[in-house]
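Here is a short report on selected parts of a structure. Look at the sequence and the model first, then read on.

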Amino acid sequence: MTGRKARWMTRWTTGGRPGDRPGEQPGEGRGDLPDDRPGRRPGRPGGRLNAGLLAGGALVGLVALAAVASFFWTPHDPTLVDAAQRLREPGGGYLLGADKFGRDTFSQLMVGARTTLYVGVVAVGIAAVLGAPLGVIAGMTPRGWLSELIMRVNDLVFAFPALLLAVMLGAVYGPGTLTAMIAIGVATVPAFARVARAATLQVMVTDYILAARAAGRRRPAIAVRHVLPNIASVLIVQASVSFAIAILAEAALSFLGFGTRPPIPSWGRMLQESQELLFSTPRLALWPGLAIALAVLGFNLLGDGLRDFLDPRLRRIRAEG
Amino acid sequence: MLKVEGLTVRADGVELVHDVSFSLAPGERVGLIGESGSGKSLTALSLMGLLPEGVTATGRARLGGDDLLGVPESRLKGLRGSRMSMVFQEPMTALNPLMRVGAQVAEVMTLHGRPRGEARERAVELLDRVRLPEPARLARAYPHQLSGGQRQRVMLAIALANGPGLLICDEPTTALDVTVQKQMLDLISEVAPALLFITHDLAVVASMCERVLVMYGGRVVESGPLREVFTRPRHRYTQGLLAASRLTPRGTRLPVIEGSVPAAGHFPGGCVFRNRCPHATPTCETEPQLTEPQLTDPAPGDPAPGDPAPGDPAPGEPTPGEPTPTGDRHAFACWHPAE
Amino acid sequence: MTPPNPGPAGAAAPYLVKRVAVLLASTAVAAVAVFAFMALLPGDPAEIALGVNATPEAVAELRRQFGTDRPPAVRFLDWFGGLLQGDFGTSYVTSAPIGPQIADRLGVTVVLVAGGMAVALALAVPLGTFAAVHHRNPLGAAISAVSQIGIAVPAFLAGILLVFVFAVRAQALPSGGYVPLADGPGEWLRHLLMPWLSLGLVQGAVLTRYVRSAVLDVMREDYLRTARAKGRGSTGALWRHGLRNASIPVVTVLGLQLATLLIGAVVVERVFVLPGLGDLLLSGVAGRDLLLVQGVVMVLVAAVLLINFVVDVAYHLLDPRLR
Ligand SMILES: Nc1ncnc2c1ncn2[C@@H]1O[C@H](COP(=O)(O)OP(=O)(O)OP(=O)(O)O)[C@@H](O)[C@H]1O
Ligand code: SF4
Ligand SMILES: [Mg+2]
């Protein structure tokens, strides 16, 4: 992969989705208005709450609340098959009705939130734990063979999307939540590694790192003491964006039968089960569909919002890759 | 030929340039100097109609018989690149990276009605005129294959292509190294028609211009024939600039006067230089007007009797002379001018 | 100040050679990975085929027939050598050759992905550009907001929604199935319309944001101001100088998206019961036809690598700074 392309890739993948960025201030980033001259407009303070951050936080909070609450209470047992309640219309304790087995949709949604977050946390955890250190190593030794090797393997893993990994794992070990999480996590490693590498490359040329290196500090010490804290905000944003992608992947896998197995409720499988009843009972597709969309929207907004909030270095990484 | 009156530039309710007036005769070379953030670029850009989004200019500016401010872009388009041109500060980013240099020079001519083939030929001639080596070959190069100095020459070729009456140069050499700067400046003074030259470098103004405008805080604080302004600066800001520049070798950036330029919108009321001026008095809380002092000016430096009491806002009334904002004579806006 | 050498195409050749080598090498390594994963893991195809009651002799005999008694390295070379000639082996389960099945299905998937991409581009380029140019007014902001929501909808959910609207409610389009082009272009189109839309709308939403962002970035470039200083209007400057520059980052994203689309197609094929590669893959998994799964996975991975390759080359062609 060429340097230039890598730069763009990082730029795009850092944010995942370029959004309404603070860079839209008039005249900003213009060649004749560098920020470092005396008397410039004062840099906007980082850490300003923005609407996206609040909305994203609220949506994510809602999902988390449903997930946590489901441990203590759900209106009904979400796995209870009750022929008497088959395809029950909403109302009377069944807030959103029941499915073809008489299971309460609302309860299933609540426990489904748990599944979604569980898969997301583990998958993003795998990606971060593997990807971030690899990216930092590659970024700290940009010309070494190790860096080259890491980035090549990274490109290769990139050719195995989560779905293919999950199908392969599922074909061999049998599908399930665990294989789905591992597949999504591994497939997300390249994004993390790329972003961590780009951020590290930037941090490595700053004065304090140069000073630390001049002072003879060893690389691992620099990585832990100086690099990681400085790229943490980039990684946090990446985690949020990856979380959204993981939710989509989990839903798709469950829809195909490679994710969470019955009877554990999952939004993707709820959708898949609803498909045959689309003609008669479309609401069964509506609720899990809405849940997925809102959760993904929440994490995307949160990612965008965090990027603006955690400025200003993030912006520069996006701008220069 | 160019006449600017009461030019005011605003962004989000903040005045970035305030009531700037000056004029340029055909063939005249005027320098525009001042520290970073004093509003020089915005002044130039508003004449070209190239202000960034969200920034607006009011006032009057005429080039020959054409209005430049408050007219629709479609009218301005015809003037830009043909009757007035501009060379920007940053040569590295001013050219389209995906287009051959020759095509970029030719474009400005085809835009103003020259046939394609002719424009291509003339583009090579122009590259030759700005002293680029092997112009025919260079015309087929992409910008990234050129050095900063070469790119700036290409920009100059673009600016000169249609024989404009006015050339605006916004710090055209700041991004270049010293030897290249010299060549570039020689070239500009050789080829330029009427010139509005923005710079930080007082020595450059001294060698290129006949007249000078000193800007600070979005205002013209002093203006006049170069020799008079440089040998006998009256405004305390100009005085500071000159004093500071004597301490450093030529070619370096304008040294900063004690204190730093406030951010846009944070200049003090009254005289904008008041918070940094060693001669400030309560009088300076009233805004001084840009005026040509009477030849019989009784006691320059002393406030005339009847000056307003501190805090008494009576702007315009106790001016130390008649307001002649667009005159060519030495004028300044200071209550306690230097001798 | 020596003038640079503006040699045009010649310099691209070494790059191309190198890039092709990288493509071949990555494909080979990917093949090793797929093989290692699928062929060396638990589950003996011969045992599976014969069931638990088979005699050891029968199993050994079948192993010899399948060739699974040979050392892994030999089996890999055999398989990979076959791949290079388009031979994917013979299914252990159905005894049918795998290559022709893949070839059959590939066409459907390619048509699906290409159509989806076309829809996405047709949406994203105008909308994204519009949203960038008008980023200060409500309509531009509305496009941004809608695209943000579009991103949050998975392709299969979009498919289900479309089915609900156009098949269930309006009864205008079939809810699934496939009619080959040869049996009538009209029906072919009617069956593909919704699959294209469900892939294209979602990817279009993602792409719209990238296009918008790329155009916004370009609008701030100095050379656009230069173009206006030459006498172009802002729209003219954007057309002549902006869009090609903006296309450079968008092409990169397009490559990433094509890969995503390929995978999205697997899911959409399931929603609309289309006989594509995804369908083949899933039925292979269901039937524990490991060699078939191995073959389809390899084709999809190779496709992703190939797309990456094409994008890299396109990138080089677009940007003279890389030549
Ligand atoms: N688009 C904008 N929006 C808001 N403020 C701006 C914008 N462009 C410039 N400014 C502010 O206007 C003031 C004058 O800017 P200008 O670029 O004209 O200064 P200058 O004299 O050219 O300085 P320099 O020598 O650094 O180029 C500065 O304080 C600057 O921060
Ligand atoms: S008016 Fe007053 S503050 Fe301003 S420059 Fe003159 S003396 Fe200084
Ligand atoms: Mg400037």
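## Around ligand 2

A residue is near a molecule or strand if one of its heavy atoms lies within 4 Å of it. The model is predicted: local features need pLDDT of at least 70, side-chain atom pairs count only at pLDDT 80 or more, and totals for chains, interfaces and linings use all residues. Residues are numbered from 1 along each chain as its sequence is written, chains are lettered from A and ligands numbered from 1 in the order in which they are written, and side-chain values use heavy atoms, with hydrogens and water left out.

Chain B residues surround ligand 2, among them B:Cys271, B:Cys277, B:Cys284 and B:Cys334. The shell also includes B:His235, B:His279 and B:His336. It holds seven nonpolar, three polar and two charged residues. Here Ala, Val, Leu, Ile, Met, Phe, Trp, Tyr, Cys and Pro count as nonpolar, Asp, Glu, Lys and Arg as charged, and the others, Gly among them, as polar.

## C:Ser147

C:Ser147 lies in helix H6 (residues 138-151) of chain C. Helices (H or I, at least four residues) are DSSP runs, numbered from the N terminus. C:Ser147 has a relative accessible area of 5%, so it is buried (under 20% relative accessible area, 1.4 Å probe, protein chains only). Beyond residues up to four places away in sequence, C:Ser147 touches C:Ala205, C:Thr208 and C:Arg209 (contact means heavy atoms within 4.5 Å).

Conventions: Helix = DSSP H or I, 4+ residues; strand = E, 2+ residues; numbered from the N terminus. Buried < 20%, exposed > 50% of the residue type's maximum accessible area, 1.4 Å probe, protein only.
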